[in-house]
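Thank you for making time this morning. Please have a look at the structure as it comes up, and then I will walk through it slowly.

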Amino acid sequence: MQYSGPSNEALSYVDWLRKDDRFFDILVQISPAPSGHAFPRLKLRYKPSLVQLEGGHSHLPMLDPSMQATPVSPVEWRERLKAINNTGDASNGLSDTDSIVLDVRNGYEWDIGHFDKTTRPDVDCFRSTSFGLSKSEVMKSDPLANADKEKTNILMYCTGGIRCDVYSAILRQRGFRNLYSLKGGVSYYLQNEGPARWRGNLFVFDSRLSLHPTAYKPEVMITEKDQQNVNNTFARCYICGSQLCDLRHRNCANLDCNLLFLCCRGCVYLHRGCCCLGCMSAPRLRPVLPGNQRYDKWHNYRDLKLLSNLTS
């Protein structure tokens, strides 16, 4: 469940919820909404699953504790990443050459922020994730392709931890023994450890789209060394490939494309908010939005072609 509201009222709801014995130890993650309500309207919808996966996951032993990855606290995760990043320098006793850090989010989430030394997921939808599935066509892009299932430590992370629960069950069935997941996901890590070992921003699935790591822990002073970890030199414009300073996606102005992509200001202007030349000639083009504005729901634009014909 996600909700937004005034701080005192939002926290009061948490206190009320924890008085119920069923939820006394519920993990609550808090992030700011500087532009007002991140969820301005109440929406109740039944979904068979929060996570979509090709073939479904009703067959997976999700409730079997032995099939789940071992949760790792934010502070332990930070130390593990430090050991992995020190590979090749065993003089300090912290080197770790037998671990792989696995990002199980969507590729476009990785594009604006990720932990050090992680590989971009080769999919733009989690339902197609194929890490460790040993299919010949994905071997080259699979960081687990040559991993020793008995000895290699697999450290998984996602935004809030849910996708790791699903994928750990899959990898267990595939024979991977040493599975670990970041407790509470990236948002919980940033809330506790700040931006250490993290580069860029965190993608969120609401109107904010992108949050700087210090938004979760503003009281943390960023050292020069940590600042190197939150830089965005990896982020590139989808169209021209130039380096970006604004880590925030936008949707293609072509209503029938709606691709979520990163774009520099120059290309936004030259391509009229579109992701490619082909979309620029599409029949249903939305207006170019300035700054960090987002388009309204698609149904507000679905009659664009009709309206254009009536006014032309």
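Let me begin with a term: a salt bridge here is a side-chain nitrogen of Lys or Arg within 4 Å of a carboxyl oxygen of Asp or Glu. What you see is a predicted model, in which local features need pLDDT of at least 70 and side-chain atom pairs count only at pLDDT 80 or more, whereas totals for chains, interfaces and linings use all residues. Residues are numbered from 1 along each chain as its sequence is written, and side-chain values use heavy atoms, with hydrogens and water left out.

With that term in hand, a search of the whole structure gives nine salt bridges. One of them joins Arg80 to Glu76, with 3.2 Å between the closest N and O atoms. Both of these residues belong to helix α2, residues 74-85, and they sit four residues apart, which is about one turn of the helix. Glu76 is partly exposed, at a relative accessible area of 36%; buried means under 20% relative accessible area, exposed means over 50%, and partly exposed lies in between, with a 1.4 Å probe and protein chains only.

What, then, is the state of Asp103 and Arg105, buried or exposed? Asp103 is buried, with a relative accessible area of 1%, and Arg105 is buried as well, at 0%. These two form a salt bridge whose closest N and O atoms are 2.9 Å apart.

A further salt bridge brings together the side chains of Arg177 and Glu150, at 3.3 Å from N to O. Arg177 is in the loop between α4 (162-173) and β5 (178-182), while Glu150 is in the loop between β3 (113-115) and β4 (153-157), so the pair ties together parts that are 27 residues apart in sequence. Arg177 is exposed, with a relative accessible area of 51%.

Of the 312 residues, 44% are buried. If a contact means heavy atoms within 4.5 Å, then among the contacts with a separation of 6 or more, 63% are between residues 24 or more positions apart. The protein exposes about 18000 Å², of which carbon and sulfur atoms supply 52%; such areas come from the Shrake-Rupley method with a 1.4 Å probe, and for residues only the protein chains shown count as cover.

On that surface there are patches to point out, built from residues with over 30% relative accessible area and no salt bridge, where like charges are joined within 9 Å and nonpolar side chains (Val, Leu, Ile, Met, Phe, Trp, Tyr) within 5 Å. Tyr3, Tyr13 and Trp16 make up a nonpolar patch with about 330 Å² of accessible area together, and Tyr3 lies in the segment before α1 (7-18).

Lastly, consider the backbone, where Asn258 has a positive phi, near 60°, in a residue other than glycine. Asn258 is located in the loop between β9 (250-251) and β10 (260-261). Arg272, also not a glycine, has a positive phi of about 50°, and its place is in the loop between α7 (265-270) and α8 (277-280).

Technical notes. Helix = DSSP H or I, 4+ residues; strand = E, 2+ residues; numbered from the N terminus.
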